[in-house]
Amino acid sequence: MFTCNVLPGIHLRIFEDRDAGPLFAACDANREHLRRFLPWVGHTRSSADCAAFISTVLDQFANNLGFHAGIWSQDQIIGAAGMHPIDWPNSNVSLGYWIAEPWQGKGIITQCVKLLTSHCFATLGLQRVEIRCSTDNRRSQAVPERLGFRYEGTLRAAQKLPNGFTDIRVYSRLRTDES
Ligand SMILES: CC(C)(COP(=O)(O)OP(=O)(O)OC[C@H]1O[C@@H](n2cnc3c(N)ncnc32)[C@H](O)[C@@H]1OP(=O)(O)O)[C@@H](O)C(=O)NCCC(=O)NCCS
């Protein structure tokens, strides 16, 4: 199972079936913080919903399409970071992430995305890692910008969020950008 240290006391571990309860508790406690930019939060109403999500992402992992990991402080889940299903024919992947409100502002997500990006290039051999964020989500945009991803452009009205359609900023990093 993929697990790695992120910062002192903080680690990433790929989701397992037993995480459904703690994952739901973290989502539920952060519902207002998360729902504005993560449409799935509105559909996450019980730990059974989280169990279904974990089952889906474990299938994704078993099919060699990438993984989703919890971000843990000791035995408490404080966020998540992972890959949307890898596009192997085109050797690219898109990353996603969230962190509980009290844990914002500590650089945890930036470090997780840095580790995942290195994993995508060095271990998986992918060519391109992409991050997409709403034009209204300044904190999310700051993550790829901090890590030297290149801003490529904005997709108009590309995602429906609870407050309506939003434009999406696309960032990428290529394997050749690493050297
Ligand atoms: C988007 C989101 C994950 C960003 O979280 P974040 O805490 O701002 O990101 P990081 O964990 O990388 O922390 C960065 C902050 O820590 C600070 N920091 C402290 N130590 C740091 C370090 N060693 N390295 C980098 N940043 C550090 C940075 O200066 C920055 O602070 P600032 O925002 O006051 O400028 C969070 O706001 C969130 O979960 N939002 C809701 C869900 C969401 O929008 N998900 C993304 C959808 S695209």
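Sorted by class, the residues lining the largest pocket are 25 nonpolar, 16 polar and seven charged. Please keep in mind that this is a predicted model. The space in that largest pocket comes to about 1,400 Å³. Its lining has 48 residues, and those closest to the centre of the pocket are F37, L38, G96, Y97 and W98.

Next, the helix. Helix α3 covers residues 47–62, which is 16 residues. From the first C-alpha to the last, α3 reaches 22 Å, close to the 22 Å expected at 1.5 Å a residue.

Which residues of α3 are buried? They are C50, I54, V57 and Q60. Looking down the axis of α3, these buried residues fall within an arc of 115°, so they line one face of the helix. The face turned away from that buried side carries the exposed residues A48, T56 and A62.

Q60 lies in α3. Is Q60 buried or exposed? The relative accessible area of Q60 is 9%, and the cut-off for buried is under 20%, so Q60 counts as buried.

As for what Q60 touches, leave out residues up to four places away in sequence. That gives L65, G66, F67 and H68, and also M83, H84 and P85. To place Q60 against another part of the chain, take V113: the two are 53 residues apart in sequence, and their C-alpha atoms are 19 Å apart in space.

Which residues is G153 in contact with, leaving aside its neighbours within four places in sequence? They are I168, R169 and V170. For a distance, G153 and S179 are 26 residues apart in sequence and 24 Å apart in space, again C-alpha to C-alpha.

To recap the helix: α3 has C50, I54, V57 and Q60 buried, with A48, T56 and A62 exposed on the face turned away from them. That is what I have for today.

Terms used
Residues are numbered from 1 along each chain as its sequence is written. This is a predicted model: local features need pLDDT of at least 70, side-chain atom pairs count only at pLDDT 80 or more; totals for chains, interfaces and linings use all residues. Side-chain values use heavy atoms; hydrogens and water are left out. Helices (H or I, at least four residues) and strands (E, at least two) are DSSP runs, numbered from the N terminus. The expected span of a helix is 1.5 Å times one less than its number of residues. Buried means under 20% relative accessible area, exposed over 50%, partly exposed in between (1.4 Å probe, protein chains only). The arc is that of the directions from the helix axis to the C-beta atoms. On a 1 Å grid over the protein atoms alone, a cavity is a set of points where a 1.4 Å probe fits but cannot get out, and a pocket is an open set with protein on both sides within 12 Å along at least five of seven lines; lining residues have an atom within 4 Å of a point. Grid points are joined across faces, edges and corners, and a volume is the space filled by probe spheres set on the points. Ala, Val, Leu, Ile, Met, Phe, Trp, Tyr, Cys and Pro count as nonpolar, Asp, Glu, Lys and Arg as charged, and the others, Gly among them, as polar. Contact means heavy atoms within 4.5 Å.
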